[in-house]
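Please read the following walk through one protein chain with the model open beside the text.

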Amino acid sequence: MPCPRCGVVSWRVHGRYARRLADAPFGGVPAVTELVVRRFKCLNPQCPALTFAEQVEGLTSPHGRYTPRLSALLTSIAACLAGCRVRGSQPALSIRVAKDKPLDLLRRLPELPQASVRVLGVDDYLSRSVESGGGRFAWS
Ligand SMILES: [Zn+2]
């Protein structure tokens, strides 16, 4: 196992410890991935790292507490909440839906306020007209 700081390969196991990584929920149930990893002693006397932990490619990262699957899921949710579109976010959710389905579900929410324009400025009118393709707006 190469030391992440100096690159010198070490075979000297310093110890083992259990890691618990929060994983994506399965069937609505929170999931945890547990694994035992080794801690190696760096064989380079000039290296500032005395020991270093084994990383499982594609699963663990130094000090990481989430699996890549859960991190991708949380990233997708955070991007949605922020109103951003992230490339590759759909595979992270692993959900295939029609393109109008999320908006349809949002409209069914009873707590979603009905959009009505009360005050409309010139800039708002222009930007909304461009967004909607020049459609008409009703305001009270
Ligand atoms: Zn080292």
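Met1 sits in the segment before E1, where strands (E, at least two residues) and helices (H or I, at least four) are DSSP runs numbered from the N terminus. This is a predicted model, in which local features need pLDDT of at least 70 and side-chain atom pairs count only at pLDDT 80 or more, while totals for chains, interfaces and linings use all residues. Residues are numbered from 1 along each chain as its sequence is written, and side-chain values use heavy atoms, with hydrogens and water left out.

With a relative accessibility of 31%, Met1 counts as partly exposed, a class that lies between buried (under 20% relative accessible area) and exposed (over 50%), computed with a 1.4 Å probe on protein chains only. Leaving aside residues up to four places away in sequence, Met1 touches Val8, Val9, Ser10, Phe40, Phe52 and Glu54, contact being heavy atoms within 4.5 Å. For Phe40, which is 39 residues from Met1 along the chain, the separation of the two C-alpha atoms is 7.8 Å.

The ring centres of Phe40 and Phe52 are 5.7 Å apart and their planes stand at 20°, so the pair is stacked. Rings of Phe, Tyr and Trp (its six-membered ring) pair if their centres lie within 6.5 Å, and planes under 30 degrees apart count as stacked, over 60 as edge-to-face and the rest as tilted. The pair links distant parts of the chain, since Phe40 belongs to strand E2 and Phe52 to strand E3, 12 residues apart.

What remains is the second largest pocket, which holds about 390 Å³ of space. Of the 18 residues that line this pocket, Tyr17, Arg19, Pro62, His63 and Gly64 are the closest to its centre. On a 1 Å grid over the protein atoms alone, a pocket is an open set of points with protein on both sides within 12 Å along at least five of seven lines, and lining residues have an atom within 4 Å of a point; the volume is the space filled by probe spheres set on the points. Strands E1 (13-26), E2 (29-41) and E3 (51-53) each give two or more residues to the lining, and E1 gives the most, with 6 residues.

His63 lies in the loop between E3 and helix H1 (68-81), and its relative accessibility of 78% makes it count as exposed. Although His63 is not a glycine, it has a positive phi of about 65°.

Notes. On a 1 Å grid over the protein atoms alone, a cavity is a set of points where a 1.4 Å probe fits but cannot get out, and a pocket is an open set with protein on both sides within 12 Å along at least five of seven lines; lining residues have an atom within 4 Å of a point.
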